[in-house]
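Open the structure in your viewer and keep the selection tool at hand. Each stop below says what to select and what is there.

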Amino acid sequence: MKDITFAHLPALPDNATRQGLFSGFAAGSVTLPKGFRVSDKFAPLPVDIILDKDVAVTLRDGTTIYTDVLRPVSDEKVPVIVAWSPYGKSCGNAPQYDDLFSLLGMDPSILSGLQKFEGPDPAYWCAKG
């Protein structure tokens with residue numbers, strides 16, 4: 001067992017061309033207006049959506065993770081849908097994935113492009129409150 005060699009490769013850099021809308025660490029809040037489109041292959045947003053990016057969340061063991069919160073523009077309390085993914089939080093709408101849904105037999109024009117791969121579409125749920 002002592003003769004095992006492990007290969008180590010650095011991760012790909014996080015940049016806008018590779019990752020899309022959620023690229024880079026940039027804590028803050030922005031309103032995505034009704035009609036906003038991630039790309040022309042995806043549907044326009046049906047409602048205004050607030051994107052709170054890189055929100056710090058401290059877990060029970062003291063570890064801090066950073067999450068993105070997409071919510072309707074409203075003061076009304078709304079239920080929470082948590083989409084936890086092994087695919088990270090920034091690749092679902094990157095330009096390199098524009099054709100992924102078509103390859104899987106899905107029409108990307110019914111999606112907003114804000115969803116993670118295999119996750120719920122925030123635009124649909126924000127429109128429903």
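Predicted model: local features only at pLDDT ≥ 70, side-chain atom pairs only at ≥ 80, totals over all residues.

Residues are numbered from 1 along each chain as its sequence is written, and side-chain values use heavy atoms, with hydrogens and water left out.

**The sheet.** Select strand 2 (residues 49-58) and strand 3, which pair in the antiparallel sense over eight bridges. Strands here are DSSP runs of E with at least two residues, helices are runs of H or I with at least four, and both are numbered from the N terminus; two strands pair if DSSP finds at least two bridges between them. Within this pairing, Leu51 faces Leu70 of strand 3.

**The pocket lining.** Next, select Asp68, Val69, Ile81, Val82 and Ala83, which lie nearest the centre of the largest pocket among its 33 lining residues. A pocket is an open set of points on a 1 Å grid over the protein atoms alone, where a 1.4 Å probe fits, with protein on both sides within 12 Å along at least five of seven lines; lining residues have an atom within 4 Å of a point. Strand 3 gives the largest share of the lining, eight residues.

**Gln115.** Finally, select Gln115, in the loop between helix 2 (100-103) and helix 3. Its side chain reaches the backbone nitrogen of Gly113 at 3.0 Å.

Note on methods
Polar contact = N/O pair within 3.5 Å; in protein donor to acceptor, adjacent residues only side chain to side chain.
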